[in-house]
Amino acid sequence: MYNHKQIEKKWQKIWEEHPELYRADDKSKSEKKYILDMFPYPSGDGLHTGHVESYTATDIISRYSRMKGFNVLHPQGWDAFGLPAENYAIKTKIHPAITTKKAIANFKEQMKMMGFSYDWPREVNSSDSDYYKWTQWFFLLLYKNGLAYKKKGKVNWCDSCKTVLANEQAENGICERCKNPVEQKDLEQWFFKITDFIEDNEQTSGLLSGLDKVDWPESTKMAQRNWIGKSEGTTIKFSIFNFQFSNKFKNSNVQNYIEVFTTRVDTIFGCTYVVVAPEYKLIQELKDQVKNWLEVENYIEKAKKKTDLQRMETKEKTGVKLEGIEAVNPFNNETIPVFVADYVLGHYGTGAVMAVPAHDERDYEFAKKYDLPVKEAVAPYLKDNPRQDKNTEKRNVVTAIVKNPKNNNYLCLDWKTTEWKSFPAGGIEKDDLITAAKREIEEETGYKNIKFIKQIGDSVFAEFYRPHKDSNVYAHFKYLLFELENEEMAEVSQKEKNQHEVVWIEENKVDFFINVWNQKLIWKKYRQGGFAYCEDGILINSAEYNGLTSEQARQQLIEWLEKEKIGQKKTNYKLRDWLVSRQRYWGAPIPIIYCDVCGEVPVSEKNLPVELPTDVDFMPTGESPLVNSKKFQNVKCPKCGLSAKREADTMDTFVCSSWYYLRYSDPKNKKEFASKKKLEKWLPVDLYVGGAEHTVLHLLYARFFTKVLHNLGYIDFDEPFIKLRHQGIILAEDGRKMSKSFGNVVNPDDVVKQYGADALRLFEMFMGPLEDAKQWNTKGIIGVVRFLERVYKLISRISHESKINKLESNGNELNILLHKTIKKVGKDIEALKFNTAISALMILLNEMEKQPCKPQTANCKFFLKLLAPFAPYLAEELWSQLGNKESIFKQSWPEYDSELIREKKVILVVQINGKVRDKIEVDADISEKEAKEVILFQKKIQEWLQKKEIKKMVFVPGKLINIVIK
RNA sequence: GCGGAUGUGGCGGAAUUGGCAGACGCGCAGCGUUCAGAACGCUGUGGACAAAAGUCCAUGAGAGUUCAAAUCUCUUCAUCCGCACCA
């Protein structure tokens with residue numbers, strides 16, 4: 001009987017004694033493959049099912065690649081510094097070094113239990129001084145190259161964690177760790193200049209364009225691009241009316257303009273006011289001119305007090321007009337009012353915007369509230385609409401036929417005049433109306449095949465485009481119902497309304513209703529009176545720029561601005577520099593010393609590491625805990641020798657995890673973070689697998705580090721992870737997230753105890769594609785358990801029964817299937833499609849069991865090799881039962897015989913009008929002519945073809961033939 | 001709101017250069033084995049009609065392109081994820 005406990009225990013021990021099985025060979029000449037898991041944070045809870053999923057995936061690929069002859073680097077380590085460990089320590093009053101050590105031991109134990117083939121001698125631990133020495137070294141490297149700097153400014157402060165946070169860790173104004181709202185504090189902090197690497201430089205591809213050359217999930221690339229938030233636009237100076245550009249002020253220190261940033265200069269003629277953020281410095285300068293200064297000051301004070309969260313909570317736009325101040329639109333010299341409002345962000349762009357209520361929803365809302373004019377400047381232009389499809393020209397007419405339920409009259413929309421005609425009940429049929437309308441339209445326009453695209457109950461609708469009355473702009477109407485005269489609208493059930501987004505329009509407003517792909521939004525705004533279309537179009541009401549497309553207009557407008565020196569092209573980014581200081585204990589100390597005389601002095605490289613003291617009270621106070629250690633803090637200045645103080649903040653843990661993948665190539669190196677030779681040998685990472693929660697933070701930071709090192713000549717690649725995949729989340733059986741509070745956590749230990757590690761590995765891989773979210777199903781595991789048991793039964797039978805294999809002869813068909821499976825499993829592993837690889841193995845096993853005679857040992861050996869990456873324990877055990885002395889993982893992956901698996905005979909599918917009517921076996925390479933002859937003699941086909949005229953026959957070699965009949 | 005992804009039997013999921021929809025597994029049903037159960041083995045298993053052969057319907061919904069659509073295009077709905085007053 002298959003005893004997983006015994007087998008797994010046995011091989012765990014043997015593998016432990018032979019670490020060379022999984023060793024990455026620094027000297028080997030074979031092609032390298034670096035397969036990496038995101039190193040885990042060792043929590044006290046141990047491995048969870050998600051870890052098992054991604055680690056099994058990389059383990060399968062590692063084992064497979066080794067058998068394929070690659071020199072595989074598959075290491076593991078510990079992201080040991082960080083807030084969770086420290087918070088746990090605070091709670092339990094046990095030092096984080098102790099709890100972390102314990103957790104690591106537990107993790108390692110569990111990983112060995114799962115049979116993961118890590119190269120343990122390369123293990124790294126980010127909280128070891130051997131490791132963080134180099135984290136500090138990187139800090140100094142950045143510092144020396146002007147990429148680490150200290151700056152006072154508004155930073156995110158979490159009062160619960162008592163530390164500052166990076167923007168990335170304080171999304172939506174909430175602390176990523178403890179979910180408390182984040183405050184803004186003015187503090188002096190260390191930053192890394194990540195913004196220097198957004199765009200390409202001479203040596204290195206930027207964070208943006210680098211994404212184009214890596215094989216990553218599209219969603220992850222998008223998230224990064226989004227986070228970087230590049231937008232190209234222009235700045236424009238709006239002179240202040242009271243300070244109109246004049247020689248008098250040219251040399252004055254007072255700024256006499258408001259500079260705004262916009263991506264839509266083309267809408268400038270629709271600009272009816274200007275808004276500045278409360279933080280906008282110029283306001284203070286204008287103090288004397290603003291008549292309602294008290295009110296303005298009051299508003300600014302209030303806005304400053306709000307946290308980001310509060311700002312977002314109140315969706316209603318508020319603001320105050322700066323009385324006595326007016327700005328001038330440089331294009332038409334109109335004077336427009338200036339507001340201060342907190343819907344404009346101080347830290348983005350120039351902190352001021354030109355407001356175009358007709359084309360910007362936020363401006364529109366504000367304009368409505370404060371009763372400001374709405375002026376359109378852009379009308380939609382059909383030709384420029386990227387979503388226009390190739391049939392648009394044929395469909396530029398609409399009509400609607402609607403039944404009035406009260407009197408059963410039909411209303412027919414005259415497509416030319418958009419007037420409604422009423423047809424009395426019974427006098428005419430709906431179908432006749434449709435036909436008549438179609439004919440009329442066809443005759444008038446010359447367009448054939450007018451199609452009515454929608455029918456709801458008795459109402460019929462079509463699409464059309466017709467010229468706007470003031471311009472050549474085409475409007476697109478869709479699913480329209482017109483309300484007219486006293487005829488009541490045809491009744492459309494609520495459900496249908498929801499389904500089809502029926503838009504109700506009054507006839508006399510039709511001409512205002514220009515365009516629209518998203519008519520719901522636009523129409524609502526029209527009802528309120530003025531908001532229009534926001535995408536690119538053609539300019540209207542824009543003086544000499546009328547008629548230009550947005551694209552052309554932007555170009556010309558910017559040219560003019562640059563010529564007049566009142567504006568220029570500009571690119572803005574949302575990404576800001578990376579704030580790395582943390583007022584916490586459990587992290588790598590920042591290697592800087594402050595001297596009263598020399599100021600900021602970096603610790604010299606030879607004095608690294610700056611050891612984290614162990615005798616510190618780590619309870620958070622808001623001040624860095626390291627301040628408490630006099631021994632740590634009081635030092636001599638490296639420059640002048642006078643007494644000085646160490647920086648007491650530690651580094652963000654993401655700094656530690658930004659370079660760990662480099663260290664694995666040379667983990668014991670005392671002189672460098674890794675030798676150039678070894679970096680060249682092993683990096684970049686060929687496959688990186690880990691959770692999707694790291695799409696922005698870790699992956700962006702790691703890329704930044706790589707780019708810095710590349711730029712400074714340390715490494716020869718500028719993207720660290722060539723191929724990246726995320727494992728999908730495994731949900732609990734109840735469909736919710738696994739969580740201690742729900743009590744629905746599946747513990748891998750329990751599953752292994754009951755079914756074995758092989759079963760758990762196999763099951764998690766069989767559940768579905770690696771990247772999909774999956775729901776745990778306890779019943780499902782029985783399927784793979786049965787599979788393993790049947791494998792054991794089948795193969796152990798050979799070794800236990802007689803050794804006479806002479807008479808055994810498995811059919812050629814089985815042999816073909818075996819070779820097909822070799823091909824399929826290999827291909828699937830490479831494509832990370834483990835679920836279908838396993839199913840191929842199941843199919844092969846089913847066939848082997850069906851054979852009348854005992855399976856051939858040779859076939860079993862093939863089978864075991866294919867199974868080995870998935871279920872290493874069972875495969876190794878049966879392999880040795882077959883009398884093999886050397887580990888199965890030292891064997892090479894079987895080759896398939898491509899001649900053998902070439903199909904000689906195929907089932908040709910015979911379709912008639914696209915429906916399968918017959919299948920016949922023919923030679924794989926049958927010619928079209930032969931095939932046609934053969935199938936026409938088939939009885940079934942003849943029956944189908946009786947007296948019918950064959951219009952056409954389509955032949956797909958080796959697959960199918962489709963007969964088209966009348 | 002913007003961006004991304006997904007939608008196929010009772011369930012997990014196969015099939016993506018357009019070419020037999022539902023591989024493999026779970027579950028369920030019947031039979032065998034058994035004193036009985038468990039386990040195991042065999043058979044069946046998308047829906048409708050039919051004794052059967054078979055026919056028709058079916059990949060969230062609606063249209064389109066095509067000899068042929070789960071797959072391509074458009075529209076629409078739902079769910080999940082990311083970003084979100086970024087001008």
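Here are a few friendly notes on selected residues in this predicted model.

1. How to read the notes. Residues are counted from 1 along each chain as its sequence is written, chains are lettered from A and ligands numbered from 1 in the order in which they are written. Because the model is predicted, local features need pLDDT of at least 70 and side-chain atom pairs count only at pLDDT 80 or more, while totals for chains, interfaces and linings use all residues; side-chain values use heavy atoms, with hydrogens and water left out.

2. R584 sits in the loop between strand 27 (581-582) and strand 28 (592-595); helices (H or I, at least four residues) and strands (E, at least two) are DSSP runs, numbered from the N terminus. With a relative accessible area of 4%, R584 is buried; that word means under 20% relative accessible area, exposed means over 50%, and partly exposed is in between (1.4 Å probe, protein chains only).

3. What does R584 touch? Leaving out residues up to four places away in sequence, R584 is in contact with L83, E86, N87, I90, C161, K162, T163, P625 and T650, where contact means heavy atoms within 4.5 Å. The side chains of R584 and E86 are also joined by a polar contact of 3.1 Å. A polar contact is a pair of N or O atoms within 3.5 Å; within protein, one must be able to donate a hydrogen and the other to accept it, and residues adjacent in sequence count only if both atoms are side-chain atoms.

4. Two backbone features to look for. Most residues other than glycine have a negative phi, and most peptide bonds are trans. The next two points list exceptions.

5. Cis peptide bonds. L608 and P609 are joined by a cis peptide bond, with omega about 0°, and P609 is in the loop between strand 29 (599-602) and helix 16 (630-633). The bond from L683 to P684 is cis too, with omega near 0°; P684 belongs to the loop between helix 19 (676-682) and strand 33 (687-690).

6. Positive phi. N333, not a glycine, has a positive phi of about 55°. Its loop runs between strand 11 (319-328) and strand 12 (335-341), and N333 is exposed because its relative accessibility is 59%. A543, also not a glycine, has a positive phi of about 50°. A543 lies between strand 24 (537-539) and helix 15 (550-564), in a loop, and is partly exposed at 45%.

7. G146. Look for G146 in the loop between helix 5 (129-144) and strand 5 (148-158). Is G146 buried or partly exposed? Its relative accessibility is 36%, so G146 counts as partly exposed. From G146 to E877 is 731 residues in sequence and 58 Å in space, C-alpha to C-alpha.
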